Amino acid sequence: MKTRSSHLTVFLSLAAILLLAFALRTFRLDFHALWWDEGLTLFFSRLGPLESVRMASMTEEINPPVYHWAVGLWSLVAGPSVFSARLINVLCGVVMVALAYRLGRMAAGNAVGMLGALLVALSPMQVYYAQEAKGYVFASAALLAGLWIWLRVELHGGRRGWLGWIAYAATVLLAIGANYLAVLMLITEDLASVALA
C-alpha cells in the first residue's frame with residue numbers, strides 16, 4: 001500500500017510542477033507585441049519549403065528552417081495569433097520540465113528528479129524564452145529529449161536499441177534544424193559514447 005501511495009504522491013507532485021510551469025509560461029503570453037525576430041519567424045512560417053529557402057537567401061536569414069516549419073504547422077492547428085505562435089514554445093518548455101524530472105530520476109532518484117523539474121519550471125530564463133516565438137526552447141526541448149533517449153539506449157540498449165537510435169536521430173534533426181549550435185550537444189554525446197564503449 002505504501003508503494004501505491006508514494007507513486008501517487010510523485011504523480012501529483014509532478015503534475016503540480018507541470019501545471020505551475022504551464023501557468024508561468026502562459027501568464028501574459030500575448031501582452032508584448034511581436035518583435036523583429038518573432039515577426040521573421042511568423043513570416044517564414046507561412047512559406048513553403050522552397051519559397052522559404054529562396055527568401056532566406058534574399059533576406060540573409062541565418063536561422064535554420066525546421067522551427068519555422070513547425071510554427072507553420074502549429075498555426076494550422078492553433079490559428080494565426082501572437083498567443084498561438086508563442087504557445088508552441090510554452091508546450092516545449094513544459095516538456096523540458098518533464099524531461100528534467102526524467103533525467104534527474106534516472107541519475108539519482110525521484111527527489112532529484114522533482115528538484116530538477118521544479119528548478120526548470122521556475123527558471124526565469126526558461127520562462128522568458130518559452131514566451132518568445134524563436135527556436136531556442138524548441139531546440140532545447142529536442143536536445144533534452146535526445147539526451148534522455150541517448151542515455152536510455154546507452155545504458156539499457158536491448159534488442160530494440162535501433163528504435164532508440166532512430167528516435168535519437170529525429171531529436172537531433174529537430175534540434176539542429178532549429179538552432180545550428182545544437183550540433184555541439186551531438187558532438188558531446190558522441191564523445192561520451194566513445195568513452196563509454
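Colleague: Which share of the contacts in the chain between residues at least 6 apart in sequence joins residues at least 24 apart?

Modeller: The model is a predicted one, in which local features need pLDDT of at least 70 and side-chain atom pairs count only at pLDDT 80 or more, while totals for chains, interfaces and linings use all residues. Residues are numbered from 1 along each chain as its sequence is written, and side-chain values use heavy atoms, with hydrogens and water left out. A contact means heavy atoms within 4.5 Å, and among contacts in the chain between residues at least 6 apart in sequence, the share that joins residues at least 24 apart is 73%.

Colleague: How many helices and how many strands are there in the chain?

Modeller: Both kinds of element are DSSP runs numbered from the N terminus, a helix being H or I with at least four residues and a strand being E with at least two. From the N terminus on, the elements run α-α-α-α-α-α-α-α-α-α, and the count for the chain is 10 helices and 0 strands.

Colleague: What radius of gyration does the chain have, next to that of a compact globule?

Modeller: The radius is taken over C-alpha atoms, and the globule rule is 2.2 Å times the number of residues to the power 0.38. Along its principal axes the C-alpha trace spans about 60 × 40 × 25 Å. For 197 residues a compact globule would have a radius of gyration near 16 Å, which agrees with the value for the chain, 18 Å.

Colleague: Does Thr171 count as buried or exposed?

Modeller: Buried means under 20% relative accessible area, exposed over 50%, and partly exposed in between, with a 1.4 Å probe and protein chains only. Thr171 lies in helix 9 (residues 161-178), and leaving aside its neighbours within four places in sequence, Thr171 is in contact with Ala142, Ala145, Gly146 and Ile149. Because its relative accessibility is 10%, Thr171 counts as buried.

Colleague: How far does helix 8 reach from its first C-alpha to its last?

Modeller: The buried residues of helix 8 include Ala142, Ala145, Gly146 and Ile149. The expected span of a helix is 1.5 Å times one less than its number of residues. Helix 8 (residues 136-156) has 21 residues, and its reach, close to the 30 Å expected at 1.5 Å a residue, is 30 Å.

Colleague: Which residues does Trp165 touch, not counting those up to four places away in sequence?

Modeller: Trp165 has its place in helix 9, and at 35% relative accessibility this residue counts as partly exposed. Trp165 and Ser81 are 84 residues apart in sequence and 36 Å apart in space, C-alpha to C-alpha. Not counting residues up to four places away in sequence, the residues that Trp165 touches are Trp150, Val153 and Glu154.

Colleague: What separates the C-alpha atoms of Leu119 and Leu12?

Modeller: Leu119 lies in helix 6 (residues 110-122), and at 56% relative accessibility Leu119 counts as exposed. Leu119 and Leu12 are 107 residues apart along the chain, and the separation of their C-alpha atoms is 17 Å.
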